[in-house]
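Take a moment with the model below. Let us walk through it one piece at a time.

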Amino acid sequence: MFSHVFTSVTDFDRTFQFYAALMQTLGNPLRFSQPEKPWAGWNSKGGQRPLFVICHPHDGRAHAAGNGQMVAFDAQNRQQVIDAYQQALALGGRCEGPPGLRPQYHADYFGAYLRDPDGNKICIVSHAAT
């Protein structure tokens with residue numbers, strides 16, 4: 001469905017460290033990093049798309065986190081959700097909902113909700129039964 005998702009950031013270096021660690025935990029390899037632009041992107045595990053990219057806003061204005069916007073990252077299992085959540089908190093993320101089952105979505109939905117260091121809302125979710 002998606003080719004790529006861009007998320008703007010204010011402090012590229014800090015946010016790059018956050019997502020580099022998070023993506024490594026989730027098994028999504030770094031595709032490129034050009035701090036001089038600044039932008040960086042990660043491939044989906046096992047392919048070149050979809051691509052997740054962080055960058056400064058292209059219009060030159062200040063970054064502002066979107067109200068009602070969220071990017072959700074797929075985890076292989078519940079433990080990977082927990083590991084990624086803990087790592088994200090250690091790297092400056094803020095909790096928006098700790099890891100746990102969310103049966104209102106479906107019986108096996110196990111997710112955690114966070115804000116990245118620039119205030120962008122993210123979810124880490126596993127749809128697996130364990």
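What follows is a short tour of a strand, a loop histidine and a group of rings. Keep in mind that this is a predicted model.

Start with strand 7, residues 110-115. Is this strand buried or exposed? Six of its six residues are buried, so strand 7 is largely enclosed by the rest of the structure. Now look at its two faces. Phe 110, Ala 112 and Leu 114 point one way. Gly 111, Tyr 113 and Arg 115 point the other way.

Next, find the neighbours. Strand 6, residues 94-101, pairs with strand 7 in the antiparallel sense over five bridges. Here Gly 97 has Tyr 113 as its bridge partner. Strand 8, residues 121-126, also pairs with strand 7 in the antiparallel sense, over six bridges. Strands 7 and 8 form a hairpin, with five residues between them. In the turn sits Gly 119, with a positive phi of about 90°.

Move on to His 63. Where does His 63 lie? His 63 is in the loop between strand 4 (51-55) and strand 5 (71-74). With a relative accessible area of 15%, His 63 falls under the 20% cut-off, so it counts as buried. Its side chain makes a polar contact with the side chain of Ser 8, at 2.6 Å. The side chain of His 63 also reaches the backbone oxygen of Asp 118 at 3.1 Å. Among the residues that His 63 touches are Val 9, Pro 57 and Asn 120.

Finish with the rings. The structure holds 11 aromatic pairs. Ring pairs link Phe 12, Phe 16, Phe 18, Tyr 19, Trp 42, Phe 52 and Phe 73 into a cluster.

Methods:
Residues are numbered from 1 along each chain as its sequence is written. This is a predicted model: local features need pLDDT of at least 70, side-chain atom pairs count only at pLDDT 80 or more; totals for chains, interfaces and linings use all residues. Side-chain values use heavy atoms; hydrogens and water are left out. Buried means under 20% relative accessible area, exposed over 50%, partly exposed in between (1.4 Å probe, protein chains only). Helices (H or I, at least four residues) and strands (E, at least two) are DSSP runs, numbered from the N terminus. Two strands pair if DSSP finds at least two bridges between them. Rings of Phe, Tyr and Trp (its six-membered ring) pair if their centres lie within 6.5 Å; planes under 30 degrees apart count as stacked, over 60 as edge-to-face and the rest as tilted. A polar contact is a pair of N or O atoms within 3.5 Å; within protein, one must be able to donate a hydrogen and the other to accept it, and residues adjacent in sequence count only if both atoms are side-chain atoms. Contact means heavy atoms within 4.5 Å. Lists of a residue's contacts leave out its neighbours within four places in sequence.
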